[in-house]
Amino acid sequence: MAKCFSFTASRDSCYRHSFTKGGLKSSTTDLGDGTVMHCWVPKIHVPSKPSLLLIHGFGANAMWQFNYFIPPLKSKFNLYVPDLLFFGDSYTTRPERTEAFQAQCVMALMDALNVRNMDLVGLSYGGFVAYSMAALFKERVGRVVLGCAGVCLEEKDMEEGMFQVKTVDEAISLLLPQTPEKVRQLMRLSFHKPPQTAPSCFLNDFIEVMCTEYRQERKELIQALHKDRKLSNLPKISQPTLIIWGEYDQVFPLELAHRLKRHIGENAELVIIKNAGHALNAEKPKEMYKHMKSFLIDTPPPTKQENYTNGHKAD
């Protein structure tokens, strides 16, 4: 019998309506050289407001991860919410798979949209991209929020038993689930208190709609993230940085948050959210937003002359 209803497609449509209601519009930009980027952009860019990029992690697409944050942020920022390459409607025919390449493509998109300066929020894999943007484009990136982004991981960490998964292939099988049980495993790994999972028919629908296209390319993104990774090769960013982490993160353990704080140094502030896992945006959105608001809205932006400690102006 022909399939007539998709719960996943229906929810996607609801998120699309929510983003549109929040003052954003869908925009697709051809960057040339086989690369196309989709982004939610302001219907009206207000020059007096700063620009804020929300960069998603692995999962469905940008709408599913940032829907909660659009209403409270839209009055303070010109919001830009891109789909990274091989998510949503963004793709490339080029062979590069590193987070640095993702960062370069996002900045090329911002160039095409005439956005010069910006603050960044990156979740998980999106945090890798945000960190790379901050390192590559120092003069254009202001403040940075990194949510559960294990950018300080090293290739040897997996072999030494830091993670729940033992191999990159095992990580791929969870991050790109192809069976309902793998989706349930991912939920148990991502949440401190996993929500009740849906019936298998709904999970199969989610897999078909969200986890089938570009599977090989996404697999290569994960492999590129891990291969030959050393902390000694990671540049140190200088922007004021808020690191937000779940106390019980099983994807990127808390040790990586402390390692990142040490690596960045005095310009970084670390906030640990209690009773939360990796999926902060879904499990503790109100608490996550509270810290984002304090850092991005309530604290005056830095100037080059000011001395900053822990992401805030020193006394």
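**Strands, loops and helix packing in a predicted model**

Strand 3 (residues 51–55) is largely enclosed by the rest of the structure, because five of its five residues are buried. Here, buried means under 20% relative accessible area, exposed means over 50%, and partly exposed lies in between (1.4 Å probe, protein chains only). Helices (H or I, at least four residues) and strands (E, at least two) are DSSP runs, numbered from the N terminus. The model is predicted, so that local features need pLDDT of at least 70 and side-chain atom pairs count only at pLDDT 80 or more, whereas totals for chains, interfaces and linings use all residues. Residues are numbered from 1 along each chain as its sequence is written, and side-chain values use heavy atoms, with hydrogens and water left out.

The confidence of the prediction is described by pLDDT, the predictor's confidence in each residue, from 0 to 100. The mean pLDDT of the protein is 91, and 94% of its residues reach 70 or more. Over residues 304–315, however, the pLDDT is below 50, although this stretch has 28 contacts in the model beyond near neighbours in sequence. A contact means heavy atoms within 4.5 Å. Where pLDDT is low, the predicted coordinates should not be read in detail.

A UniProt record (unreviewed entry) lists residues 50–285 as "domain: AB hydrolase-1". UniProt positions are given in the numbering used here, feature names are shortened, and annotations may be inferred rather than shown by experiment. Within the model, this span is 41% helix and 16% strand, and its end C-alpha atoms lie 22 Å apart.

Strand 3 is covered on both faces: S51, L53 and I55 are buried on one side, and L52 and L54 are buried on the other. Two strands pair if DSSP finds at least two bridges between them. Strand 3 pairs with strand 4 (residues 78–82) in the parallel sense over three bridges, and L52 stands opposite L79 in strand 4. Strand 3 is also joined to strand 6 by four bridges, and these two strands run parallel. The bridge partner of L53 in strand 6 is L120.

Strand 6 is likewise largely enclosed by the rest of the structure, because six of its six residues are buried. From this strand, M118, L120 and G122 point one way, while D119, V121 and L123 point the other way. Strand 6 runs parallel to strand 7 (residues 141–147), to which five bridges join it. L120 has V144 as its bridge partner in strand 7.

S124 lies in the loop between strand 6 (118–123) and helix 5 (125–136). With a relative accessible area of 16%, S124 is buried. Leaving aside neighbours within four places in sequence, S124 is in contact with G147, C148, A149, F252 and H278.

Further loop positions were examined. G88 is placed in the loop between strand 4 and strand 5 (91–92), and its relative accessibility of 30% makes it partly exposed. G88 touches A60, N61 and D83, not counting residues up to four places away in sequence. G88 and A62 are 26 residues apart in sequence, with a C-alpha to C-alpha distance of 7.5 Å.

Most residues other than glycine have a negative phi, and most peptide bonds are trans. D33, a residue other than glycine, has a positive phi near 55°. D33 is found in the loop between strand 1 (24–32) and strand 2 (35–42) and counts as exposed, at 56% relative accessibility. N275 is not a glycine either, and its phi is positive at about 55°. The position of N275 is in the loop between strand 9 (268–273) and helix 12 (280–283), where N275 is partly exposed, with a relative accessible area of 38%.

Helix 1 (residues 7–21) packs against helix 9 (residues 200–210) at an angle of about 65°, with axes 7 Å apart. Axes are lines fitted to C-alpha atoms, for helices over the stretch in contact, and angles run from 0 to 180 degrees between N-to-C directions. In this packing, F7, T8 and D12 of helix 1 meet F202, D205, F206, V209 and M210 of helix 9. The contact of helix 1 with helix 9 has five nonpolar, one polar and two charged residues. In this classification, Ala, Val, Leu, Ile, Met, Phe, Trp, Tyr, Cys and Pro count as nonpolar, Asp, Glu, Lys and Arg as charged, and the others, Gly among them, as polar.
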